[in-house]
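Dear colleague,

I am handing over a structure for your attention. Please look through it first; my notes on it follow below.

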Amino acid sequence: RLEWDDVATDETGYRIWRREAGGAWYLAGETGPNVTHFDDGGMREQTTYEHQAAAVNATEEGEASSPAAGKTLRME
């Protein structure tokens, strides 16, 4: 779960970007406006990922947040 503060005032949603540590960023998903979290799935176990969130509106994407990193757990 990635969480953030909803400080944007004119967003139509948020884009969530993901990458394996040090890899290339790709779009993991999108939310609607005024959302403060994203539950990401489909990641490999025992792998470190970084996420960023960026507010978007009809004309542009805002600056992405600083990357947040975490390692997935082993699934049993």
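I16 has G29 of β3 opposite it; strands here are DSSP runs (E, at least two residues), numbered from the N terminus. The model is predicted: local features need pLDDT of at least 70, side-chain atom pairs count only at pLDDT 80 or more, and totals for chains, interfaces and linings use all residues. Residues are numbered from 1 along each chain as its sequence is written, and side-chain values use heavy atoms, with hydrogens and water left out.

Strand β2 (residues 13-20) pairs with strand β3 (residues 26-31) in the antiparallel sense, over 5 bridges; pairing requires that DSSP finds at least two bridges between two strands. W17 has L27 as its bridge partner in β3. The hairpin of β2 and β3 has 5 residues between the strands, and G22 in this hairpin takes a positive phi near 85°.

β2 also runs antiparallel to strand β5 (residues 48-56), to which 8 bridges join it. Opposite G13 stands V56 in β5.

The loop between β5 and β6 (68-71) contains N57. Is N57 buried or exposed? N57 counts as buried because its relative accessibility is 18%, where buried means under 20% relative accessible area, exposed over 50% and partly exposed in between (1.4 Å probe, protein chains only). Leaving aside residues up to four places away in sequence, N57 touches D10, E11 and T12, contact meaning heavy atoms within 4.5 Å. A polar atom of the N57 side chain lies 2.9 Å from the backbone nitrogen of T59.

With kind regards

How values were computed:
Helices (H or I, at least four residues) and strands (E, at least two) are DSSP runs, numbered from the N terminus. A polar contact is a pair of N or O atoms within 3.5 Å; within protein, one must be able to donate a hydrogen and the other to accept it, and residues adjacent in sequence count only if both atoms are side-chain atoms.
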